[in-house]
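Subject: Two-chain model for you to look over

Hi,

Here is the structure I promised to pass on. Please open it alongside this note, and then read on for what turned up.

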Amino acid sequence: MNEKINTDLKSLKFILNKNRLYVFPIAAILISAILFFQFVIPQFKALLIAEKEVKATSLRIEAQKANLDVLTNINEGSLDSQLEILNSALPSSKDFIGILNSVYSAAQKTGVNLGSFSFKVGDLSESISGNDFPVVKLSMPIVNSGIAGVNSFVETISKTFPISEVELIKIGNVSSVVNLSFYYKPLNISDYNQDIRISPISQKELMLINQLEEFGDTSSFSEPSTPVATSSAAQ
Amino acid sequence: MNTDINLLLHTDEESSEEKKRIKLFNLIAIASLMAVGLISLGIFILAQIINSPSVKKDQENTLRLTSQFQGRQTKLFVLNNRVENISKILEARRDLPKVASNLLEKVPSDLFIEDFEVNDKSVIIVGYSKSLFAIGEFINNLTDMVRKEEVIRSLILNSLALDLGRNVYQVSLTSGF
């Protein structure tokens with residue numbers, strides 16, 4: 001047995017001795033290959049990731065610089081007044097006071113007599129999903145006001161804040177009914193990203209704001225002393 | 001029989017070939033080590049260039065400046081959001097007051113509207129008049145509107161009756177959008 005091992009060792013020594021000049025280059029090539037696969041490739045991958053990150057950072061910086069340009073050139077006073085108009089037009093929550101002001105203001109302007117009405121508020125705890133426009137529904141009876149009066153009322157209310165949609169106009173001899181839906185839209189904070197490039201107020205946006213400005217101000221309107229509105233959680 | 005066969009080893013030739021092979025191996029070994037080293041060095045230098053501190057400094061500066069205008073940025077975000085949503089609403093909402101106005105404009109003076117109902121799908125008009133001419137004129141006006149696809153697209157005459165009690169003609173019409 002030992003003899004056999006000795007013979008193998010001897011032959012191994014002989015082979016090594018015969019090929020000793022190949023040992024260094026082969027070992028060096030193997031080490032190079034190991035270094036290449038263990039270190040160089042991961043290093044290269046890390047470099048690519050770093051490059052991507054740097055590119056993304058550069059884009060972010062570029063966007064932030066552009067944003068900075070826009071923000072420094074904005075007149076904060078006019079921004080505040082525009083925002084006030086837009087928030088009145090489309091509140092971020094159910095603006096009952098705004099709705100009542102709008103209704104009473106339109107009624108006063110057009111001289112119609114409002115009957116008792118109620119909000120169809122619905123489930124207050126219900127969450128609002130993405131692109132939907134939630135509404136506060138209102139069924140508005142109008143008494144002894146004639147076709148022209150009712151028509152004038154709906155025309156006026158469709159041009160007051162908060163923005164509403166007339167769902168139904170039902171005009172009768174004695175009493176009429178108008179169904180209204182007042183829009184609101186909660187602000188989705190998750191859409192806010194400081195790194196997104198912001199654009200200055202465009203001409204189109206300015207035109208819309210100007211159009212809304214013409215809708216008229218109902219905020220100063222005071223509601224009647226006798227309560228005519230009742231609220232109920234219907235639907 | 002071939003007499004040129006040489007059974008002796010060509011020792012010189014073989015050793016020179018082996019030397020060449022060893023030289024080639026050594027060359028490959030050195031080249032591979034150098035290549036790995038150079039590539040590694042190149043990547044290190046590139047990484048240093050890419051991760052230049054000036055980029056970070058630039059970012060910090062911009063962030064510092066932007067944070068001073070955070071309030072304005074938020075307001076502008078809200079403004080853009082409101083404008084976008086209001087535009088969508090104004091584009092999508094049906095202008096029923098305008099529909100009602102357009103239809104009521106077509107009512108002759110001697111025809112009286114008893115019931116008028118407009119919703120997002122249809123219009124129902126019930127009116128009366130002492131004159132059949134007025135009713136005819138009203139129907140003609142509405143038919144013209146349908147033909148021109150102006151506000152309404154269809155017109156159905158539900159009924160045309162004589163109310164002997166009031167001595168008037170009563171008409172009931174339904175229009176669709």
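Predicted model: local features only at pLDDT ≥ 70, side-chain atom pairs only at ≥ 80, totals over all residues.

**Helix crossing in chain A**

Start with helix α3 (residues 76-89) and helix α6 (residues 203-213), both of chain A: their axes come within 10 Å and cross at roughly 65°. From α3(A), the contact takes in Q82(A), I85(A), L86(A) and A89(A). From α6(A), I209(A), L212(A) and E213(A) take part. By class, this contact has 5 nonpolar residues, 1 polar and 1 charged.

**The two chains in outline**

Chain A has 235 residues, and 26% of them are buried. Its secondary structure comes to 6 helices and 6 strands. Read from the N terminus, the order is α-α-α-α-β-β-β-α-β-β-α-β. Take the contacts in chain A between residues at least 6 apart in sequence: 78% of these join residues at least 24 apart.

Chain B has 177 residues, with 16% buried. Here the count is 5 helices and 4 strands. From the N terminus on, they run α-α-α-α-β-β-α-β-β. Of the contacts in chain B with a separation of 6 or more, 45% come from residues 24 or more positions apart.

**Strands within chain A**

β3(A), residues 135-143, pairs with two strands described here. One is β1(A), residues 113-114, which pairs with β3(A) in the antiparallel sense over 2 bridges. In that pair, L114(A) stands opposite I142(A). The other is β5(A), residues 175-183, joined to β3(A) by 9 bridges. That pair is antiparallel too. Within it, M140(A) faces V178(A) of β5(A) as its opposite residue.

**Where the chains meet**

How many residues of each chain are in contact across the interface? On the chain B side there are 51, and they touch 61 residues of chain A. Several elements of chain B give two or more residues to this side: α1 (11-50), α2 (53-68), α3 (70-92), α4 (96-105) and β1 (112-119). The residues on this side of chain B divide into 29 nonpolar, 13 polar and 9 charged.

**Helix to helix across the interface**

Take α4(B) now. Its axis and that of helix α5 (residues 146-157) of chain A come within 8 Å and cross at roughly 150°. That makes α5(A) roughly antiparallel to α4(B). The crossing of this pair is left-handed. Which residues meet here? On the α5(A) side they are I147(A), N151(A), V154(A) and E155(A). On the α4(B) side they are L96(B), P97(B), A100(B), S101(B) and L104(B). Sorted by class, the contact has 6 nonpolar residues, 2 polar and 1 charged.

**Strand to strand across the interface**

β1(B) also reaches across. It pairs with strand β4 (residues 164-171) of chain A, in the antiparallel sense, over 4 bridges. L168(A) has N119(B) as its bridge partner in β1(B). K170(A) stands opposite E117(B).

β1(B) has a partner in chain B as well. 6 bridges join β1(B) to strand β2 (residues 122-129) of chain B. These two strands run antiparallel. F116(B) has I125(B) as its bridge partner in β2(B). A hairpin of 2 residues joins β1(B) to β2(B).

**Where to look**

- The α3(A) and α6(A) crossing, at roughly 65°.
- The α5(A) and α4(B) crossing, at roughly 150°.
- β3(A) with β5(A), joined by 9 bridges.

Best wishes

How values were computed. Residues numbered from 1 in each chain as written. Chains lettered and ligands numbered in written order. Buried ≥ 20, exposed ≤ 12 C-beta atoms within 10 Å, placed from the backbone. Contact = placed C-beta atoms within 7 Å. Nonpolar A, V, L, I, M, F, W, Y, C, P; charged D, E, K, R; others polar. Pairing = 2+ DSSP bridges. Axes fitted to C-alpha atoms, helices over the stretch in contact; angles between N-to-C directions. Parallel < 35°, antiparallel > 145°, perpendicular 65-115°, else oblique. Left-handed = near helix turned anticlockwise from the far one by under 90°.
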